[in-house]
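Hello,

The structure we spoke about is below. My notes on it follow; please read them alongside the model.

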Amino acid sequence: MSNTNIKKVRTSDLELKDRLVSIQRVTKVTKGGRTFSFSAIVVVGNENGIVGYGLGKANEVTAAISKGVEDAKKNLIKVPVLKGTIPHAQESKFGGSLVLIKPAAPGTGVIAGGAMRAVLESVGVHNVLAKSKGSSNPHNLVKATVAALSQLRDAYSVAEVRGVSLSKVFNG
């Protein structure tokens, strides 16, 4: 499982929308009592093939979210989106989470659970079937979904890598 075709994207001149995937209150017990802090997982995307995720930690919820957004903007990837769906089925694993995404016909919608839905909607995919197997931990689900999306290749890039024409990719 190599991530050789992760395409980094610059944040300038992009209109990114952020979605909060998960927020958790973390408690640290010291001799002075309990200290609360928050961790937030945020997904950003321009809904046109670019997506990234980030983790923010702070003593306030709003600060944690804004830190998560800044972190997400630092690791954006480009994903091939064809006619509102993905080019082919893809499976990916991160930690205990196993993710399966498949292209779907127009009118299907985004069939995906919580954390996966946020990532797929941020990418701009409108018709996709997704299944989460294994752990439903939002951290690992987001990372597995982004890994699966980063491994997608469209027919043009496949033809380019193989050094053949586009029609030969489909006809064998």
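Valine 43 has tyrosine 53 in E3 as its bridge partner. This is a predicted model, in which local features need pLDDT of at least 70 and side-chain atom pairs count only at pLDDT 80 or more, while totals for chains, interfaces and linings use all residues. Residues are numbered from 1 along each chain as its sequence is written, and side-chain values use heavy atoms, with hydrogens and water left out.

Strands E2 (residues 33-45) and E3 (residues 50-58) pair in the antiparallel sense over eight bridges. Strands (E, at least two residues) and helices (H or I, at least four) are DSSP runs numbered from the N terminus, and two strands pair if DSSP finds at least two bridges between them. Four residues lie between the strands of the E2-E3 hairpin, where glutamate 47 takes a positive phi near 60°. E3 also runs antiparallel to E4 (residues 76-78), joined by three bridges; valine 51 stands opposite isoleucine 77 in E4.

Threonine 85 is in the loop between E4 and strand E5 (90-94). Its relative accessibility is 11%, so threonine 85 counts as buried (under 20% relative accessible area; exposed is over 50%, partly exposed in between; 1.4 Å probe, protein chains only). A polar atom of the threonine 85 side chain lies 2.6 Å from the backbone oxygen of asparagine 127.

Threonine 145 is in helix H3 (residues 138-150). Threonine 145 counts as buried because its relative accessibility is 0%. Leaving aside residues up to four places away in sequence, threonine 145 touches Val99, Met116, Val119 and Leu120, contact being heavy atoms within 4.5 Å.

Regards

Definitions and conventions:
Polar contact = N/O pair within 3.5 Å; in protein donor to acceptor, adjacent residues only side chain to side chain.
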